[in-house]
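Please look over the model shown here before reading the notes on its pockets and aromatic rings.

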Amino acid sequence: MKKNIIFFDVDGTLVDVRPSQEYVPASTIKAIQETRKKGNLCFLCTGRSLPEIFDHILDIRFDGIIGAGGGFVLIGDKMLYHNKVSDADVKRVVDFFEENHYDYYLESNGGLFASKHLIPRLEYITYGDLENDENAKKMKKEKPSHFINSLKEGYSMYRSDVNKICFLENPNIPFSTIKENFDDAFQVIHCTVPSFGEDSGELSVAGVNKASAIQAVINHLKIDINNTYAFGDGLNDIDMLQFVHHGVAVGNAKQGLKDIADEICEDIADNGIYNTMKKHSLI
C-alpha cells in the first residue's frame, strides 16, 4: 500500500476555536487514529509553537509537527530544523509595540510571553466582563481557555528564543503600518483567530512558510508529492493547499482559501474532515 501523508492546520481546522474552550471534534480524532492504523502519516502544520500544542491535541498522536508557520519541523521527537527571529529584530518589534501601546505576545518553544495588558484584554474577549458579569465568571471557571492559561507574564520581552510575534489590533494604527515597518525581515499576516480582531496579526521569519516546511518533510521521508493531502481554514493555509497534491478547505474556512482549494468539505463541527478522509479512502 502506498503511504500517504496528511497535514492539518490547527486553529479552525483540527481544533474548533469558536467556543471559549477549544476542542477537537470526535470524528476528526477518529479519522486521524484510523488513517494512522492503515500506515498513513499525520502531521500538524500550524502557526502555533510548542507551548500552544496542548495535551488534548498531542494525545491524539501525530507523526510530526510543523510549527510556527513553518519555522520549525519535528519528526517524531527529532528537530529537523528550527528558524528563530534574530535578537535585533525582536528588539525593534518589541520597542515599536511598547511605544505604541500594543497588546502582544512572543512565541517560543519554551513558552508564550505576554505583554503587560494582554491577558485582561484576552479574558474580556473570551469570557466577557469578569468584574460585573456572573456568566463571564462562570465561563472562566467551567470552561477556561487553554491559550490564556498558557501565557506567561512578567518576563523580559527581549528574548533570544522567539519563533513568532503575535499582536492584537490597535484601533489607532492600521495593519498596513505593521507591514510597512517590518516586512523587510518578517512575513506579516492577519491573525487566524477571528475574535482577536481583523487587524490583529503575526510576524514570522521572512521566507518561512508551510509549503517549504512540507517540502522538507516529504524530502526527508521520501514521500511522493502525489501522496500528500492537507486541510486548512485560513488565508495562511493557501501555500500549503496549493503545494500538496490535494488541498481541502474546511466548510468554515475563509472564502479566499475556498477559492483556491481542490475541494471544500463540511464544517469541522459537522464531521467535514472525517467524511473527506473516508471519501478518499484514507480511512
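The briefing below takes up the pockets and then the aromatic rings.

This is a predicted model, in which local features need pLDDT of at least 70 and side-chain atom pairs count only at pLDDT 80 or more, while totals for chains, interfaces and linings use all residues. Residues are numbered from 1 along each chain as its sequence is written, and side-chain values use heavy atoms, with hydrogens and water left out.

- Of its 33 lining residues, Asp11, Val17, Phe147, Val193 and Phe196 are the closest to the centre, where lining means having an atom within 4 Å of a point.
- The second largest pocket has a volume of about 450 Å³, and Cys191, Thr192, Val193, Pro194 and Lys254 are the closest to its centre among the 20 residues that line it.

**Aromatic rings**
- The structure holds 15 aromatic pairs, counted for rings of Phe, Tyr and Trp (its six-membered ring) whose centres lie within 6.5 Å.
- Phenylalanine 182 and phenylalanine 186 form an edge-to-face pair, because their ring centres are 6.4 Å apart and their planes stand at 85°, with edge-to-face meaning over 60 degrees.
- One aromatic cluster is formed by Phe96, Phe97, Tyr102, Tyr104, Phe167, Phe175, Phe182 and Phe186.

Technical notes. 1 Å grid on protein atoms, 1.4 Å probe; cavity = no way out; pocket = protein on both sides within 12 Å on 5 of 7 lines; lining within 4 Å. Points joined across faces, edges and corners; volume = space filled by probe spheres on them. Phe/Tyr/Trp six-rings, centres within 6.5 Å; stacked < 30°, edge-to-face > 60°.
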